[in-house]
Amino acid sequence: MSIDVLTFGLNHVSAPVSVRERVTFPLDVVRPALEALRSTFGSGVREAAILSTCNRTELYCAAEPHVIEHVPNWMADFNSLRSDDLTPHLYRYEHNEAVRHAFRVASGLDSMVLGEPQILGQMKDAVRVANEAGALGTLLHQLFQRTFAVAKEVRTQTAIGAHSVSMAAASVRLAQRVYGDLSQTNILFIGAGEMIELCAAHFAATSPKHIMVANRSAERAENLAARFDNAQTMRLADLPERIADYDVIISCTASTLPILGLGMIERAIKQRRHRPIVMVDLAVPRDIEPEVARLSDAYLYSVDDLGRMVQKASDARQAAVVQAESIIDTRVQNFMHWLQNRELVPTIVSLQDRAQQVSDHELDRAKRMLARGENPEQVLEWLTHSLQQKYLHGPLTQLNHSEGAQRQQLLQLVPHLIPSQTRSR
């Protein structure tokens with residue numbers, strides 16, 4: 001059965017964060033998930049890779065077409081969801097549309113922040129993990145290599161990322177809406193990953209009074225804090241007692257459960273005598289219980305809230321999008337041409353093998369004729385005629401037994417299959 005490129009997923013457009021946080025594959029879960037997927041579908045899924053970020057969870061497969069009807073149920077089961085809860089938010093692409101989607105994602109065209117560069121690194125991480133798990137083969141390896149090349153071409157030849165507003169910059173703007181000047185604020189970062197690093201750099205540029213980093217790994221927290229003059233670290237376990245000291249809290253961890261609960265924040269607001277707290281939750285699953293948003297002195301923003309801030313594109317970015325889509329269209333056609341040629345390989349090999357068998361058989365007969373002392377010129381004439389008859393037997397038989405439209409189709413094909421002359425060397 002033929003193998004096709006299939007993509008399944010949900011993102012910030014198709015699903016709210018309340019759904020996305022229930023369908024995630026942290027890096028340490030990706031490998032077991034790939035093994036479970038291939039175990040479930042056997043040869044139906046030949047290759048696979050999982051991309052899971054704050055804004056999307058996607059499964060890329062080289063699989064038999066019938067699999068497309070069953071993978072959504074597998075995704076729901078693996079994440080302990082009812083299929084009915086997931087399916088309305090799930091998109092699926094096949095063949096050239098799956099290829100186009102991969103190219104658009106890597107190029108930043110499908111991101112919450114148009115043109116953002118982080119997604120390319122995240123996709124490369126997903127490919128690395130899939131490769132280490134033995135889940136990649138020729139087809140997906142070729143797809144992702146071309147995907148990375150397309151992303152580089154788009155970023156090099158267009159201005160797609162030149163005017164983008166990052167999530168980190170948007171976080172600063174939200175804090176400034178409440179506090180204006182941030183020079184007298186205390187900032188707390190929970191986590192020490194790439195997103196927190198970006199946010200810390202943006203907030204540090206506003207010269208806040210103090211920066212604190214809380215992270216599960218003390219070493220990573222210290223490495224991040226060391227980049228800023230007024231930054232220190234603390235343990236996650238100390239958050240309940242010290243959370244009231246901070247005016248702005250940015251959180252982005254890989255925790256599967258909320259780190260900051262409603263009760264903790266209520267107590268902190270009382271200790272602060274109702275001075276406001278700006279809280280930006282960039283994690284999926286969320287680090288801060290959404291009920292916190294009900295508190296009158298807590299300004300809680302989710303990753304989706306920030307997304308709405310950064311989706312306003314300028315005319316220059318829209319022009320870049322048109323240019324980028326044109327590049328992607330061309331590269332999709334190139335990949336599909338490669339894929340179609342790849343599907344012909346078994347047929348070509350089979351034809352070559354059959355032709356070789358015929359040639360070998362007739363050549364052996366010619367050698368025996370020469371060994372018996374027959375005239376070499378006559379043997380060559382016989383060999384030429386014999387090979388001609390053998391090679392033409394199939395096409396002539398099909399022509400003789402065909403009728404109507406089939407015969408007309410064969411008559412149109414024959415001149416292209418049999419050359420009219422052979423160029424001498």
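How many bridges join strand S1 (residues 4-11) to S3? Eight, and the two strands run antiparallel. Before we zoom in, note that this is a predicted model, where local features need pLDDT of at least 70, side-chain atom pairs count only at pLDDT 80 or more, and totals for chains, interfaces and linings use all residues. Residues are numbered from 1 along each chain as its sequence is written, and side-chain values use heavy atoms, with hydrogens and water left out.

**View 1. An open sheet of four strands, in the order S2-S3-S1-S4.** The pairing here is antiparallel; two strands pair if DSSP finds at least two bridges between them. S2 and strand S4 (91-94) sit at the edges, each pairing on one side only. On average, neighbouring strands are turned by 15 degrees against each other, direction ignored. Look for glycine 9: its bridge partner in S3 is glutamate 58. (Helices, H or I with at least four residues, and strands, E with at least two, are DSSP runs numbered from the N terminus.)

**View 2. Helix H2 (residues 27-41) lying across S2 and S3.** H2 runs at about 150 degrees to S2. Such angles run from 0 to 180 degrees between N-to-C directions, and axes are lines fitted to C-alpha atoms, for helices over the stretch in contact (heavy atoms within 4.5 Å).

**View 3. Cysteine 54, in the loop between strand S2 (45-52) and strand S3 (56-63).** UniProt lists Cys54 for "active site" in an unreviewed entry; such annotations may be inferred rather than shown by experiment. Cysteine 54 counts as partly exposed because its relative accessibility is 26% (buried means under 20% relative accessible area, exposed over 50%, partly exposed in between, with a 1.4 Å probe and protein chains only). Leaving aside neighbours within four places in sequence, cysteine 54 is in contact with Arg20, Cys252, Leu282 and Val284.

**View 4. A cis peptide bond between valine 284 and proline 285.** Omega is about 0 degrees here. Proline 285 lies in the loop between strand S9 (277-281) and strand S10 (298-302).

**View 5. The buried residues of helix H10 (residues 218-225): Ala221, Leu224 and Ala225.** They cover an arc of only 95 degrees around the axis, so they're on the same side of H10. That arc is taken from the directions from the helix axis to the C-beta atoms. What covers these buried residues includes H9, S6 and strand S7 (231-234).
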